[in-house]
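The following exercises concern the model shown below.

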Amino acid sequence: MEPLDEIAARLNVQLHDISADEAGFAGPLRPGEHLPSVAVVAHGLPQPLASHTGGAYQCLLFLGEEGRLDGEVLAELHALLRQPVPVLPLLVSGRALEVPGFDTVIDAGDELARVCDARPGTAYLLGPDRRVVARWRSLSLPFIDEAIARYQAAGGARLPTA
């Protein structure tokens, strides 16, 4: 993609930011921008976040220091995988966490949480190109479906549907 085309695509997504369910997102990362590859810990080893993202729509769900995940949220995470356009969850916690069937990373220095202005429950939808599609303070399947549809209508990444 040409540099000017990339800038135009990012600005188009930003102009159509329908995602924030709260006006108070203060972090530097906004819809239309690429997620920076900060350091995380996975499987006991420091790794770049980029090794866990890209190639598919993904939902980063911030669980905070406690890493709590209730049954309702777990059911929504499973439902993401069954969407017409599947969305792969990536759980971000402040401590080691094992959730069968889901990729988890530790945000050891809270760097990712700072960049995303995340607190427990915050969800970020990423496109296959690691671009932020949308963000919310809580996970909601209808919002995710709507955000993907708008992103694709604006020229964002299209993937085969299930």
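**Exercise 1.** Determine which elements cover the buried residues of helix α2, and where those residues fall as seen down the helix axis.

*Solution.* The model is a predicted one.
Step 1. The cover over the buried residues of α2 includes β3 (57-64), β4 (87-93) and α4 (141-153).
Step 2. The helix spans residues 71-81, and its buried residues are L77, A79 and L80.
Step 3. Viewed down the axis of α2, the buried residues fall within an arc of 160°, so they line one face of the helix.
Step 4. At the start of α2, a side-chain oxygen of D70 comes within 3.1 Å of the backbone nitrogen of E72.

**Exercise 2.** Identify the residues of the largest nonpolar core that touch the most other members, and state which elements each supply at least two residues.

*Solution.* 
Step 1. The largest nonpolar core has 24 residues, and those touching the most other members are L80, V87, L125, L139 and I144.
Step 2. At least two residues of this core come from each of β3, α2, β4, β6 (123-126), β7 and α4.
Step 3. The element that gives the most to this core is α4, with five residues.
Step 4. Residues up to four places away in sequence being left out, L139 touches C59, L61, V73, E76, L77, L80, G121, A123 and I144.
Step 5. Another core lies apart from the largest one; it comprises 20 residues, including L29, L112, V115 and L126.

**Exercise 3.** Is Q58 buried or exposed, and which backbone atoms does its side chain reach?

*Solution.* 
Step 1. Q58 belongs to strand β3.
Step 2. The relative accessible area of Q58 is 6%; the limit for a buried residue is under 20%, so Q58 is buried.
Step 3. The Q58 side chain reaches two backbone atoms: the oxygen of H52 at 2.9 Å and the nitrogen of G54, also at 2.9 Å.
Step 4. Neighbours within four places in sequence aside, Q58 is in contact with H52, T53, V87, L88, Y124, L125 and L126.

**Exercise 4.** How many disulfides does a search of the whole structure find, and are C59 and C116 buried or exposed?

*Solution.* 
Step 1. The search finds zero disulfides.
Step 2. C59 has a relative accessible area of 0% and is buried.
Step 3. C116 is buried as well, at a relative accessible area of 0%.

**Exercise 5.** Describe the protein chain as a whole: its elements, its buried fraction and its contacts.

*Solution.* 
Step 1. The chain contains four helices and seven strands.
Step 2. Read from the N terminus, the order of elements is α-β-β-β-α-β-β-α-β-β-α.
Step 3. Of the 162 residues in the chain, 44% are buried.
Step 4. Taking contacts between residues at least 6 apart in sequence, 64% join residues at least 24 apart.
Step 5. The chain exposes about 8,100 Å², of which carbon and sulfur atoms supply 56%.

Methods:
Residues numbered from 1 in each chain as written. Predicted model: local features only at pLDDT ≥ 70, side-chain atom pairs only at ≥ 80, totals over all residues. Heavy atoms only, no water. Buried < 20%, exposed > 50% of the residue type's maximum accessible area, 1.4 Å probe, protein only. Arc of directions from axis to C-beta. Contact = heavy atoms within 4.5 Å. Polar contact = N/O pair within 3.5 Å; in protein donor to acceptor, adjacent residues only side chain to side chain. Disulfide = S-S within 2.5 Å. Areas by Shrake-Rupley, 256 points an atom, 1.4 Å probe, with all protein chains shown as cover. Core = buried A, V, L, I, M, F, W, Y, C linked by side-chain atoms within 4.5 Å.
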